[in-house]
Amino acid sequence: MNMNTDRVGFGTIFVLALYGVVSSSLMPMGRLQEPGPGFFPLALSAILLILSGLGIVSARPSAQDLARSEPFWGDMKTPMKIVLATSLAVLAFEPVGFLITSSCFLVSLFLWVSRYPWWKAVVFGIAGGFSGWFCFVKLLGVPMPGGFLG
């Protein structure tokens with residue numbers, strides 16, 4: 001990965017972390033002994049903001065990078081596939097449900113990004129979806145959207 005794509009990636013994370021800091025600061029913080037719902041998101045967003053800022057600063061382009069004539073977005077095909085698959089998964093999460101969405105998301109990543117054979121992608125994607133559902137819903141008791149399956 002070259003320095004320009006590093007800076008784009010760190011810049012994207014910086015903007016998302018800045019949003020996290022702003023939105024979590026609007027939540028109740030509580031006290032140190034009894035943290036409120038905004039305490040940990042604020043702490044994690046602040047850490048991410050600092051680290052991504054350091055990443056932006058440290059990813060200065062070298063003379064070799066500056067001398068290259070190709071555009072920096074030339075190797076952005078795979079990240080854009082991941083962004084597209086993630087966006088579709090986010091949009092499908094509530095109406096379709098956790099289990100189907102996460103399984104389809106993993107299958108699409110294994111097929112489209114990692115280029116696994118279709119049968120491996122399906123097996124690993126479904127196994128990953130069920131594993132995530134089992135961990136979150138059954139073991140941790142986190143209510144996840146059931147979608148049209150209920």
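## Largest pocket

Helix 1 and helix 4 (77–96) each contribute at least two residues to the lining of the largest pocket in this predicted model. Helix 1 provides the largest share of that lining, with six residues.

The space within the largest pocket amounts to about 310 Å³. Twelve residues line the pocket, and those closest to its centre are Gly9, Thr12, Met76, Pro79 and Val83.

## Ser24 in helix 1

Ser24 belongs to helix 1 (residues 3–25). Its relative accessible area is 1%; because the limit for a buried residue is under 20%, Ser24 is classed as buried.

The side chain of Ser24 lies 2.6 Å from the backbone oxygen of Gly20. With residues up to four places away in sequence left out of the count, Ser24 is in contact with Met29, Gly38, Pro41 and Leu42.

## Helix 2: span and faces

Helix 2 (residues 39–58) has 20 residues, and at 1.5 Å a residue these should span 28 Å. The C-alpha atoms at its ends are 29 Å apart, which agrees with that expectation.

Which residues of helix 2 are buried? They are Ser45, Leu49, Ser52, Gly53 and Gly55. Viewed down the axis of helix 2, these buried residues fall within an arc of 155 degrees, and therefore line one face of the helix. On the face turned away from the buried side, helix 2 carries the exposed residues Phe40, Leu44, Ile50, Leu51, Leu54, Val57 and Ser58.

Methods
Residues numbered from 1 in each chain as written. Predicted model: local features only at pLDDT ≥ 70, side-chain atom pairs only at ≥ 80, totals over all residues. Heavy atoms only, no water. Helix = DSSP H or I, 4+ residues; strand = E, 2+ residues; numbered from the N terminus. Expected span 1.5 Å × (residues − 1). Buried < 20%, exposed > 50% of the residue type's maximum accessible area, 1.4 Å probe, protein only. Arc of directions from axis to C-beta. Polar contact = N/O pair within 3.5 Å; in protein donor to acceptor, adjacent residues only side chain to side chain. Contact = heavy atoms within 4.5 Å. 1 Å grid on protein atoms, 1.4 Å probe; cavity = no way out; pocket = protein on both sides within 12 Å on 5 of 7 lines; lining within 4 Å. Points joined across faces, edges and corners; volume = space filled by probe spheres on them.
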